Structure formats: C-alpha cells, structure tokens
Amino acid sequence: MRIATWNVNSITARLPRLLAWLESTGTDVLCLQEAKVAEAQFPFDQLREAGYEAAVHATGRWNGVAVISRVGLDDVVKGLPGDPGYDGAPEPRAISATCGPARVWSVYVPNGREVDHPHYAYKLQWFEALKAAVAGDAAGSRPFAVLGDYNVAPTDDDVYDVAAFEGLTHVTPAERAALASLREAGLSDVVPRPLKYDHPFTYWDYRQLCFPKNRGMRIDLVYGNESFAKAVTDAYVDREERKGKGASDHAPVVVDLDV
C-alpha cells in the first residue's frame, strides 16, 4: 500500500500535475493540503475518472484539506474536534478517513506567522486539540497515521541553516515541544529518505532560488502509530515533483507499507 502527503498549494493550479503524478506513482491514498477551493469546486469528477474517491474539507481560497483514495473511503470526519478556531471561527485544516486497512488524518497545521502574533498562540492550541483528537486511534492496533504540512521543522537538521531562522516560527522550542507532545500520544516520525542531497527537505520557498540552492525545510511529516511504523518498507521525498514550471513549493512525501 502506498500512502503519500502533499501540500499542493492550490489543487486548481496543480490538477494536471496531480493526476499525472497519481498515475505514474500508483499511490493508493493521498493526504492533500492547501486545496484553496470551496468543496463545490473540488475536482471530484476528474479524480473519479482516474479511479479515486475524495473526502474534502474546504471552504474557499485559503487552507482546505482532503483524503484521496482508490482503496476505500469510510468513516470520514471533517474538522478537528475541539478546534480552538482563529478569529472566532474554525478553519478547514483537518480531515480523517479509513482507507482499506489504515486510518489517516490529513492536517494543515496553522503557520503561526510571527512568534508574538495571535496566530502563533492559535497554532500551539491547535496542536493540543490535534493530540486529543488522535489519541484513541494512535493507541489502537490498526495502522494509523497523521500526515500533512505541520509547519514545524522537528530538529535543526531539518532546516538548511538554523541561524537563518533565528527568532522566526517553525523552529521555536514551543513548536517543537508541541510535536514532542504529539509523539507521546503513541506516534513516531517516519523520516523519509531524500532522493538528492543529505537531508529530506520537503519545502523550498519560491523566492531567492531556494530550490536550486537546496535551501529547504522538512515540515511535511508522517507521524504513525506502532502498527503503521512497523509496516513501513520505504519512505522518500519525491523531490522531482518540485521541479519545473507550475510546481507546488512542497514535494510529496511517499510511504510504502506492507499491510
């Protein structure tokens, strides 16, 4: 079984690449982030023609998550129970589904913006709600994983130059503590192998030639429970999909399981 996560940074802009990628990789389940469309505009028909069902939680031009599957799509939960919301309302940042033998969450963790910004406090509160929401499945016996754009680099090795991020979000002790707390629910970090260079970065800014210079970050993560982690036979960052015209600024993270 092949499961992947990918922040596509607009499914409308990325649809031809997405369909080609699904066909070429034979991915069974894709957790998708930043759909950036309302659910009514999601390309259900095109995905169905390619053999995939989709469960979507999206409301418009910002955020939006989905689970796309060709091995079943059941017990869908939209939204994060206990979501603290931002500026008075919850955002479409989490969706879960059972796909064949595995259950997955697709999550798009709040960015945080700046350390002294209300969005940063919201980010930490959101992590607490996520841990509470996934604790039961994490402790279960079936393969379970929370996949997505976490907007946190777990260690200093997960950024190209930690000095360049001094005072910025994504690397602060509080954010990394939130990740550690999530792992305490019974999840472990499935670290992918890079297809090039030494570090499996998953995101490169569009600006300042960050991708050609490999000035990246590993912020797209796969956190699996014991059953999921034991079933992993390979995991890699598909860096090739970050190349070329019309690419997302994130690369897919692909995990192969023997289940």
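This is a predicted model: local features need pLDDT of at least 70, side-chain atom pairs count only at pLDDT 80 or more; totals for chains, interfaces and linings use all residues.
Which residues touch the most other members of the largest nonpolar core? The core has 29 residues, and the ones with the most contacts to other members are Ile 3, Val 67, Val 104, Val 222 and Phe 228. Several elements give two or more residues to this core: S2, strand S4 (65–69), strand S6 (94–99), strand S7 (102–108), strand S8 (144–149), helix H5 (226–231), S13 and S14.

Take Val 104. Leaving out residues up to four places away in sequence, Val 104 touches Ile 3, Val 29, Cys 31, Val 67, Ile 95, Ser 96, Ala 97, Cys 99, Ala 145 and Leu 147.

Now the sheets. Here is one of them. Six strands make an open sheet, in the order S3-S4-S2-S1-S14-S13, with mixed pairing. At the edges sit strand S3 (53–57) and strand S13 (232–237), and each pairs on one side only. On average, neighbouring strands here are turned by 10 degrees against each other, direction ignored.

Look inside this sheet. Strand S1 (residues 2–7) and strand S2 (residues 29–33) run parallel, joined by five bridges. Asn 7 stands opposite Gln 33 in S2. Helix H1 (residues 11–25) packs on the sheet. H1 touches S1, S2 and strand S14 (253–257), and its direction makes about 160 degrees with that of S2.

On to another open sheet. Again six strands, this time ordered S5-S6-S7-S8-S12-S9, and again the pairing is mixed. Its edge strands are strand S5 (74–78) and strand S9 (188–189), each pairing on one side only. S5 and S6 pair in the antiparallel sense, over three bridges. Asp 74 stands opposite Thr 98 in S6. A helix belongs in this picture too. Helix H3 (residues 118–138) lies across S6, S7 and S8, and runs at about 175 degrees to S7.

Next, aromatic rings. How many aromatic pairs does the structure hold? Seven. One of them is Trp 6 with Trp 21. That pair is tilted: 5.3 Å centre to centre, with 55 degrees between the planes. Trp 6 lies in strand S1 and Trp 21 in helix H1, so the pair ties together parts that are 15 residues apart in sequence. Are these two buried or exposed? Trp 6 is buried, at a relative accessible area of 1%. Trp 21 is buried as well, at 3%.

Then there is Tyr 160 with Phe 165. The ring centres are 5.8 Å apart and the planes stand at 70 degrees, so this pair is edge-to-face. Tyr 160 is partly exposed, with 36% relative accessible area. Phe 165 is buried, at 12%. One more aromatic group: Phe 127, Tyr 150 and Tyr 223 form a cluster.

Last, the record. An unreviewed UniProt entry carries the annotation "domain: Endonuclease/exonuclease/phosphatase" for residues 4–250. In the model, the end C-alpha atoms of residues 4–250 lie 13 Å apart. The span is 24% helix and 24% strand.

Definitions and conventions. Residues are numbered from 1 along each chain as its sequence is written. Side-chain values use heavy atoms; hydrogens and water are left out. Two strands pair if DSSP finds at least two bridges between them. Helices (H or I, at least four residues) and strands (E, at least two) are DSSP runs, numbered from the N terminus. Axes are lines fitted to C-alpha atoms, for helices over the stretch in contact, and angles run from 0 to 180 degrees between N-to-C directions. Contact means heavy atoms within 4.5 Å. A nonpolar core is a set of buried Ala, Val, Leu, Ile, Met, Phe, Trp, Tyr and Cys residues joined through side-chain atoms within 4.5 Å. Buried means under 20% relative accessible area, exposed over 50%, partly exposed in between (1.4 Å probe, protein chains only). Rings of Phe, Tyr and Trp (its six-membered ring) pair if their centres lie within 6.5 Å; planes under 30 degrees apart count as stacked, over 60 as edge-to-face and the rest as tilted. UniProt positions are given in the numbering used here, feature names are shortened, and annotations may be inferred rather than shown by experiment.
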